Amino acid sequence: MNLIEKLSKGLSKTRERMAATFATVFGGGAEAARELELMEEYLLLADVGPVATAKILAAAAENRRTVGLLPAVRNELLRLLSFNVRDDKKVKIFAGVNGTGKTTTVGKLAHFFRQQGKNVFVIGADTFRAAADQQLEEWCRRTNTPVFAGKPGSDPASVVFDGLHSNLARTADYVLCDTAGRLHVNKNLMQELAKLVRVAGKACPDQIDVFLTLDAGTGQNALAQVDMFSQWVQPTGLVLTKLDGTAKGGIAVALAQKFSIPIRYVGLGEGPDDLVPFSPEAYVDALLPQVKNDNRRH
Ligand SMILES: Nc1nc2c(ncn2[C@@H]2O[C@H](COP(=O)(O)OP(=O)(O)OP(=O)(O)O)[C@@H](O)[C@H]2O)c(=O)[nH]1
Ligand SMILES: [Mg+2]
């Protein structure tokens, strides 16, 4: 299965929910007002959110006359989701709320980079959860990636400091750093994360990406998570996990509309190959229902 097929399969729950209605209305010459109503309903059900939905439909209104509503919305979505990704940083710190998929993403990304022949080093700075180091070590064993995991209870910033000053970090193309899950409303834990990122930045100036990991299934709450994390650290990228198991795949659009933080990777399952770099085209094609013959003029 190629990446587009994978993403398309992952988002099928979102898409299939209304595909039949869509085919009837868009393929059957319904009135323009009904099309608009349906498109709005579709975007809201996919969890694009009311603000982004209103903006997309307003922006699509102009083009709609010439190309039809569906292609106009498609263009607007592509515009929203296309980011200028600045150069890739060597050190990638994964942060996020508990259970969003940080450790799994580190494992999958290590696999992804290893397949490209890159040297990867992993730092396990989740010293909070008892079995965190074992989970990470198991992932690294599968991908043959060296890992330095901090002792349970130790200061995560010190773990990152030690890890980044090791020879393995120096010679690696990429260093992936797993951190403990934390609630965005817990001030102490957010301070701890800010310190960890500061320490990493001192060890490797200008080489730090902070990737905020979000569970696509949490819907609009993901917006609050980005908001709160951004008050403590500056996320340079978002990772949207569990897109395979949700009918709320449209959250990527809401995120893109609200924050100018690029979505970098999406998680589409629990296996090592189930992580793909975010592609706006693949995402939009997988999100929107495919309707044939939508070339009518209004
Ligand atoms: N279906 C699916 N499951 C995922 C995906 N990413 C992670 N998971 C699962 O989600 C669960 C939590 O993943 P973890 O990687 O442990 O999450 P975490 O953010 O490290 O969790 P904490 O360290 O406890 O905060 C595991 O069962 C993973 O297999 C994904 O893209 N799709
Ligand atoms: Mg974890």
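Helix H12 (residues 221–230) packs against helix H13 (residues 251–258) at an angle of about 35 degrees, and their axes lie 9 Å apart. Helices here (H or I, at least four residues) and strands (E, at least two) are DSSP runs, numbered from the N terminus. Axes are lines fitted to C-alpha atoms, for helices over the stretch in contact, with angles running from 0 to 180 degrees between N-to-C directions. This is a predicted model, in which local features need pLDDT of at least 70 and side-chain atom pairs count only at pLDDT 80 or more, while totals for chains, interfaces and linings use all residues. Residues are numbered from 1 along each chain as its sequence is written, and chains are lettered from A and ligands numbered from 1 in the order in which they are written.

Ala222, Leu223 and Val226 of H12 meet Ile251, Ala254, Leu255 and Lys258 of H13, contact being C-beta atoms, placed from the backbone, within 7 Å. Sorted by class, these residues come out as 6 nonpolar, no polar and 1 charged (Ala, Val, Leu, Ile, Met, Phe, Trp, Tyr, Cys and Pro count as nonpolar, Asp, Glu, Lys and Arg as charged, and the others, Gly among them, as polar).

Helix H4 (residues 32–45) and helix H5 (residues 50–67) also have axes 9 Å apart, at an angle of about 145 degrees. Their crossing is right-handed. On the H4 side sit Leu36, Met39, Glu40, Leu43 and Leu44, and on the H5 side Pro50, Thr53, Ile56 and Leu57. That gives 7 nonpolar residues, 1 polar and 1 charged.

Now for the sheet. It is open, with 8 strands in the order E3-E2-E4-E1-E5-E6-E7-E8 and mixed pairing; strands pair if DSSP finds at least two bridges between them. Strand E3 (147–149) and strand E8 (275–277) are at the edges with a single partner strand each, so each has one side without a neighbour in the sheet. On average, neighbouring strands are turned by 20 degrees against each other, direction ignored. Helix H9 (residues 156–164) packs on this sheet, touching strand E1 (91–95), strand E2 (120–125), E3 and strand E4 (174–179), and its direction makes about 160 degrees with that of E2. Strand E6 (residues 237–241) and strand E7 (residues 263–267) pair in the parallel sense over 3 bridges, and Leu238 stands opposite Ile263 in E7.

Ligand 1 has 21 residues around it, and Gly101, Thr103, Thr104, Gly181 and Gly267 come nearest (a residue is near if its C-beta atom, placed from the backbone, lies within 6 Å). The shell holds 2 nonpolar, 12 polar and 7 charged residues. Helix H7 (residues 102–115) gives the most to it, with 3 residues.

The axes of H7 and helix H8 (residues 132–143) come within 9 Å and cross at roughly 15 degrees. H7 is therefore roughly parallel to H8 (under 35 degrees counts as roughly parallel, over 145 as roughly antiparallel, 65 to 115 as roughly perpendicular and the rest as oblique). Here too the crossing is right-handed.

Conventions:
A crossing is left-handed if the near helix is turned anticlockwise from the far one by less than a right angle, and right-handed if clockwise. Two residues are in contact if their C-beta atoms, placed from the backbone, lie within 7 Å.
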